[in-house]
Amino acid sequence: MKSRNVALVTGSSSGIGFETALQLARSGFNTYASMRNLEKSKNITEIANRENLPLQVVQLDVNNDRSVKEAIGRIEQEQERLDVLVNNAGYVLLGPIEQLSIKEFKEQFETNFFGVIRIIKEVLPIMRRQRGGTIVNISSSAGRIGLPLNSPYVASKFALEGLSESIAYEVEQFGIRVVIIEPGFIRTNLINSGTSPKKALDPKSPYFSLMQKVENHFKSMMENVSSSSPPEEVAKVILQAVRSENPELRYTVGTTIIQARMNMPDREFRKMIMQNFSM
Ligand SMILES: NC(=O)c1ccc[n+]([C@@H]2O[C@H](COP(=O)([O-])OP(=O)(O)OC[C@H]3O[C@@H](n4cnc5c(N)ncnc54)[C@H](OP(=O)(O)O)[C@@H]3O)[C@@H](O)[C@H]2O)c1
């Protein structure tokens, strides 16, 4: 059945994407929960069937042109429109620049940055034709703040912020809104499923001690936020933005130090970060 409220979420196999797809469907959006590996669709499909939700799973690897074209082509064919796009798929690459290859940096950008561009370029003609839509890009506190051993991830999210802020001006004339979501630490698989170069994990590495400090900091942050910042909170904020007549450009959610970054001089802020990471 065709609907006027059609949504697509990328990276719906777990975490924020999983919860966002479910909350959109529960709010009546005809939701396409996309994921690169359909073997991970059992859980969301079971919930959708049990609750009789308007949700279907579609294969979509944000790194792959053909997969993106096929998924969006299918939605266009079935619904003739797309009202909400949530660019959520992403991962963390952790390590020192000296020990990361250009290939690893490029892969990080391929998913977190070029993946978003690939999808937006397919979706814009549809939204422009229907004269409306909302594009939600999941950035991070790391889209506003540099962190030790996080340069690929932080750079990819800074790039996403710049892209989002710029294209918002271009597409506004067609009734299309761009929203940036900046979660702080949220309880998901993100850190555990992140990757690091083997060299940095070698105890002989000159960065080994810093690597351990950073990993310990992230682990303890994840443990501390375990009850206060579930992915459902991010999904709620996304839904609020999508439903708003006049959404903000940026929404922060969860424990975040963005406000501190804005209020503190560089020198003081750097000191605080170094203390947090026991540097
Ligand atoms: N958790 C946090 O503290 C936090 C904070 C700020 C921002 N974020 C952002 O939130 C977003 C979601 O992360 P999460 O915390 O929910 O972590 P997550 O549970 O690890 O989810 C990441 C999702 O992205 C998918 N993905 C990765 N590469 C993909 C690709 N090439 N094509 C399609 N899907 C791909 C993963 O699929 P697979 O299952 O196939 O790997 C998974 O569904 C990310 O953009 C992340 O940067 C998270």
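Is Glu-80 buried or exposed? In this predicted model, Glu-80 counts as exposed because its relative accessibility is 55%, where exposed denotes over 50% relative accessible area, buried under 20%, and partly exposed the range in between (1.4 Å probe, protein chains only). Glu-80 is found in the loop that joins helix H3 (65-79) to strand E4 (84-87); helices (H or I, at least four residues) and strands (E, at least two) are DSSP runs numbered from the N terminus. The phi angle of Glu-80 is positive, near 60°, in a residue other than glycine. Ser-278, likewise not a glycine, has a positive phi of about 55° and is placed in the segment after helix H10 (266-276).

Residues are numbered from 1 along each chain as its sequence is written, and side-chain values use heavy atoms, with hydrogens and water left out. As the model is predicted, local features need pLDDT of at least 70 and side-chain atom pairs count only at pLDDT 80 or more, whereas totals for chains, interfaces and linings use all residues.

Helix H1 comprises twelve residues (15-26), which at 1.5 Å a residue should span 16 Å; the expected span is 1.5 Å times one less than the number of residues. The end C-alpha atoms of H1 are 17 Å apart, in agreement with that expectation. Ten of the twelve residues of H1 are buried, and the helix is therefore largely enclosed by the rest of the structure. The buried residues of H1 are Ile-16, Gly-17, Phe-18, Glu-19, Thr-20, Ala-21, Leu-22, Gln-23, Leu-24 and Ala-25. H1 is followed by Gly-28, whose phi is positive, near 100°.

The ligand sits in the largest pocket. A pocket is defined on a 1 Å grid over the protein atoms alone, as an open set of points with protein on both sides within 12 Å along at least five of seven lines; a molecule sits in a pocket if more than half of its atoms lie within 2 Å of its grid points. There are 29 residues around the ligand, of which Ser-13, Ser-14, Tyr-153, Ile-186 and Thr-188 come nearest; a residue is near a molecule if one of its heavy atoms lies within 4 Å of it. H1 and helix H5 (151-171) each supply at least two residues of the shell around the ligand. A backbone N or O atom of Ile-16 lies 2.8 Å from an oxygen atom of the ligand, and a polar backbone atom of Asn-88 is 2.7 Å from a ligand oxygen atom. For Thr-188, an N or O atom in the side chain is 2.6 Å from an oxygen atom of the ligand. The ligand has 900 Å² of accessible area on its own, of which the protein covers 94%; accessible areas come from the Shrake-Rupley method with a 1.4 Å probe.

Helix H5 also contains Glu-161, which counts as buried because its relative accessibility is 3%. The side chain of Glu-161 makes a polar contact (2.9 Å) with the side chain of Arg-250; a polar contact is a pair of N or O atoms within 3.5 Å, and within protein one atom must be able to donate a hydrogen and the other to accept it, with residues adjacent in sequence counted only if both atoms are side-chain atoms. Arg-250 lies in strand E7 (residues 250-253) and, at 26% relative accessibility, counts as partly exposed. Although Arg-250 and Ile-180 are 70 residues apart along the chain, their C-alpha atoms are separated by 4.7 Å. Ser-166 also lies in helix H5 and is partly exposed, with a relative accessible area of 40%. The C-alpha atoms of Ser-166 and Val-178 are separated by 9.6 Å, at twelve residues along the chain.

Asn-137, in strand E5 (residues 133-138), has a relative accessibility of 0% and therefore counts as buried. Asn-137 and Val-179 are 42 residues apart in sequence, with a C-alpha to C-alpha distance of 6.2 Å. Arg-243, in helix H8 (residues 231-243), is exposed, with a relative accessible area of 54%. Arg-243 and Ile-258 are 15 residues apart in sequence, and 25 Å separates their C-alpha atoms.

How values were computed:
1 Å grid on protein atoms, 1.4 Å probe; cavity = no way out; pocket = protein on both sides within 12 Å on 5 of 7 lines; lining within 4 Å.
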